[in-house]
Every structure is written in C-alpha cells, then in structure tokens.
Amino acid sequence: MTESLTRFELPQSAIPTRWYNIQADLPRPLPVVLHPGTKSPVTPDDLLPLFPAEIINQEVSRERFIDIPEEVREIYKLWRPTPLMRARRLEKALGTTAKIYYKYEGVSPSGSHKLNTAIPQAFYNKQAGVVGLTTETGAGQWGTALSQACNFFNLECHVFMVKVSFHQKPYRRAIIQSFGANVTASPSDRTESGRSILAQDPDSTGSLGIAISEAVEMAAKSGGKYKYALGSVLNHVLMHQSVIGQEAMLQLDRAGDSPDIIVGCVGGGSNFAGIAVPYLRDKIVHGRNVRVVAVEPAACPTLTRGVYAYDYGDTAGMAPMVKMHTLGAKFIPPPVHAGGLRYHGVGSVISELYDQKLIEAYSVPQLEAFKSAVTFLRAEGIVPAPEAGHAVAQVIREAIRAKEEGTSPVILFNLCGHGHFDMTAYDAYFRGELTDYAYPQAAIEAALAELPEVNM
C-alpha cells in the first residue's frame with residue numbers, strides 16, 4: 001500500500017510530549033562554556049541577565065528527555081505534526097535508484113522550523129515575568145518566528161536584522177513588523193556595539209555576530225525588563241527542534257522505510273539538529289548504521305574550513321565563549337542570499353558531533369544551491385528557502401551517486417522552510433546576477449588570528 005503514497009501524516013495525538021537532549025548520550029560531554037570577561041566557567045547567575053531560569057536549566061541539563069509544557073503543545077497543534085513527503089517526482093526527474101523523503105517544516109505559521117523553539121522560549125519568558133525579548137535575525141525566518149511567538153504571549157519583541165538582509169528581504173522584514181515587532185537594521189546606532197562597528201565601517205553590511213551583540217547589549221542593559229532569545233546554536237534551541245526527527249521516525253515507520261542518509265543544512269545548527277539528533281541517538285547508543293550529513297555554504301564554511309576552538313558568540317565579545325567550529329567572531333560573511341547560514345560558528349553540540357566523527361560535513365556553492373532548489377521546486381512544487389537549497393543540493397549529489405553506483409539508499413532531509421519571501425533572490429538567480437563566492441583563506445586566517453586565548 002505504501003508504494004503509492006506520497007504524503008505520510010500523523011494525528012495531533014502523536015505530537016511529541018518530550019524534547020530529546022542529545023547531551024545525555026554524547027560519548028564525551030560538551031566542553032564547558034566560559035564567561036567572556038573572566039574566561040572562567042559560566043554559572044547560572046552569569047546567564048540570568050540574558051535568559052530566564054528554566055531556559056538556563058535546559059541549556060545545561062544532561063537529562064535525556066525534558067517534558068514539553070501542555071501550553072506549548074497546544075500551540076504546536078497549529079502546524080504539528082508536519083508532513084513527511086516522498087519526493088517521487090524528484091526521484092523520477094533525477095532518474096535515481098534512491099528513495100528520497102523530506103520533512104516539510106514550511107507549513108508552520110512562520111514558514112519555517114524556527115517556531116518550534118520560539119514558542120517555548122516565549123512561554124518560559126512570559127512565566128518569568130519578562131516584558132519583552134531581544135534577538136537577531138539573518139534571513140528573517142527566526143525574526144518572523146519570534147515575533148509571532150511574542151505576539152501569542154503578549155511580549156514586546158525587538159529584532160536586530162542583519163543589514164544586508166534588511167534590504168534584500170523587505171517582505172520578511174514586513175511580516176516581522178506585522179506581528180508587532182520592532183525591526184532595526186544592524187549594525188545600528190541604537191547600541192554602543194552597533195555604533196562602534198559603524199565608526200570603523202560606516203558601510204558595514206552586518207553579520208549575525210554583530211546583530212547578536214546589539215541584541216545581547218539591549219537585554220543586558222535593560223535591568224531585567226528584556227531577556228535575549230536565540231534561534232540556533234545553543235543547546236536548548238537545538239533540543240526544542242528534536243520534535244522534527246521524532247515525528248519523522250514515526251512517519252518513516254509508517255512508510256516501511258529507514259534512512260541510510262540524513263541531510264540538513266547548517267548555519268548555527270537548529271535545522272540540522274532537528275532532523276538528525278533522534279537518529280544520532282540510535283547511532284550512538286544502538287550502533288545504527290546511518291550517514292548523517294551537514295551542509296553549509298561555501299561562502300561561510302565553518303565546519304569544512306573553520307577550526308574547533310573557543311570563541312565569542314558575537315562580534316563585540318559580550319556573549320559567552322563556546323568551544324565550536326568557528327571562522328572567528330570578527331568574520332564578516334559575504335552578502336549571499338542564504339542569510340540564515342551566515343553565522344561565524346556552529347553550535348557546540350554540532351561541533352562536538354563533527355569532532356567525534358559522528359557526522360559528515362560538506363559545503364555547497366551558491367549557484368549549485370539555487371540550481372538544485374529550482375530542480376526541486378519544478379519537480380515537487382514547493383519553493384525552498386535558499387538555506388534549504390543547500391540541503392537539496394547535497395541530496396541531489398547523493399541521489400546521482402546512488403544511480404551511478406547502482407545502490408538504493410533511503411535519503412531523508414529537512415526542508416526547513418519555504419522561499420516565498422526570497423523571490424528577489426530567485427529573480428537575481430534567473431537574471432544571472434548571482435555568483436559563487438569561496439571565502440579567501442587569507443581572510444579566514446585573519447579572522448582566526450583574533451581568537452581569544454584560552455587555557456583549557
């Protein structure tokens with residue numbers, strides 16, 4: 001019967017009741033997080049100016065499962081469970097012997113997977129009596145999700161949007177504003193860190209690291225009125241996304257298949273972790289034979305060309321120091337259209353998984369990502385966000401390899417969002433205005449030369 005099915009659904013009763021925390025199953029624990037000033041291990045009290053107590057508890061927890069509050073699950077019902085799709089038309093277009101499945105997170109009200117963590121973060125902050133949240137956003141998907149979540153819980157929302165995306169993606173900016181959030185192009189003159197950057201470079205196109213500095217500064221100086229929320233990188237954020245992979249496991253069981261290859265795009269790591277970590281538990285604990293593949297832009301190659309070292313989470317050095325694969329906090333990425341993948345570092349969990357050789361990593365040039373996204377949309381009818389186009393590119397690489405080698409792997413990937421607000425990027429692609437960009441090694445080395453000295 002499943003041979004003719006394309007869409008695999010679950011009832012709302014199947015929405016996960018717990019988030020999975022991979023910290024419980026890592027072969028070795030994550031390196032400690034350090035205070036940016038003292039370079040000593042951070043304490044919960046150090047983090048209280050930025051996060052509510054429950055978020056801090058989840059960040060450091062090594063419990064395997066953490067219960068999802070019923071209030072959060074009720075809001076999850078607006079879009080969860082998301083569908084698992086068999087990409088039969090893409091398989092036919094590629095002439096591949098592989099089976100391709102994708103988990104489609106673009107059905108969420110915000111259009112991406114980001115709402116999976118925005119809702120619980122807003123919930124816990126509301127419980128703590130916070131007035132509002134500050135944050136950064138690259139492509140605008142995280143800003144969209146947090147603005148919606150803050151609206152649901154009657155919280156203020158202040159979004160510092162990377163300046164190049166602020167201008168490249170006006171409709172993402174508009175939808176953030178539609179939910180009542182304040183959106184500022186970063187770097188800005190609203191914060192000391194923003195003014196400092198502008199003094200050095202008045203024409204700065206911005207970066208996620210700079211936008212984080214501004215958002216962290218605003219929260220830290222608010223006297224507790226505001227807290228800071230992050231859409232990727234941190235452990236609790238990646239854990240919240242585990243609902244994706246948990247659902248996918250149930251859906252693939254219904255399809256009568258099991259993945260041989262799992263693919264996700266990587267910026268900070270939330271999309272990739274969401275689809276991958278539940279399967280990685282099986283790989284670590286039960287020895288499951290599955291390839292788990294992270295895909296990043298060639299223009300911001302943190303895993304494939306960065307170093308595993310302690311670095312600041314932001315450009316101004318205000319956020320805690322984390323050991324991660326990094327290109328250096330001073331790294332300013334080129335203005336490629338995959339704005340959500342332009343962060344200088346990768347989450348500690350993803351970095352540790354890569355260092356322990358539990359996952360693979362590859363980079364994809366911008367033009368290949370858009371070409372692959374167009375191949376996908378013409379076959380499947382869904383416009384991928386540019387970020388997700390990188391995962392599609394790797395899936396196509398794997399599918400073509402399977403055809404050449406005469407194998408029939410089952411490939412699962414996370415289509416983390418739709419590209420309806422990215423059509424200016426597609427228009428530029430069709431006009432031949434986009435180019436590939438491989439970040440110069442000399443520029444990477446210059447940024448890495450400013451890594452902080454840590455004796456750990």
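**View 1. Arg 7 stands opposite Met 85 of strand S4 at one end of the sheet.** Strand S1 (7-8) and S4 (residues 84-86) run antiparallel and are joined by 2 bridges; two strands pair if DSSP finds at least two bridges between them. Helices (H or I, at least four residues) and strands (E, at least two) are DSSP runs, numbered from the N terminus. The open sheet has 7 strands in the order S1-S4-S5-S15-S10-S11-S14, with mixed pairing. Its edge strands are S1 and S14, each of which pairs on one side only. This is a predicted model, in which local features need pLDDT of at least 70 and side-chain atom pairs count only at pLDDT 80 or more, while totals for chains, interfaces and linings use all residues. Residues are numbered from 1 along each chain as its sequence is written, and side-chain values use heavy atoms, with hydrogens and water left out.

**View 2. Strand S11 (residues 291-297) is largely enclosed by the rest of the structure, because 6 of its 7 residues are buried.** Buried means under 20% relative accessible area, exposed over 50%, and partly exposed in between (1.4 Å probe, protein chains only). S11 runs parallel to strand S10 (residues 261-265), to which 5 bridges join it, and Ile 261 stands opposite Arg 291 in S11. From S10 the chain passes through helix H13 (residues 270-286) to S11 in a right-handed β-α-β crossover; right-handed means that, with the strands pointing away from the viewer, the path from the first strand over the helix to the second runs clockwise. Strand S14 (residues 360-364) is also parallel to S11 and joined to it by 5 bridges, with Val 364 as the bridge partner of Pro 297.

**View 3. Helix H16 (residues 366-380) lies across S4, S5, S14 and S15, at about 95° to S14.** Axes are lines fitted to C-alpha atoms, for helices over the stretch in contact, and angles run from 0 to 180 degrees between N-to-C directions. The buried residues of H16 include Phe 370, Val 374 and Phe 376. Gly 381 follows H16 and has a positive phi, near 85°.

**View 4. H16 and helix H17 (residues 386-405) pack at an angle of about 80°, with their axes 7 Å apart.** The two helices are therefore roughly perpendicular to each other, a term that covers angles of 65 to 115 degrees.

Definitions and conventions: Contact means heavy atoms within 4.5 Å. Angles under 35 degrees count as roughly parallel, over 145 as roughly antiparallel, 65 to 115 as roughly perpendicular and the rest as oblique.
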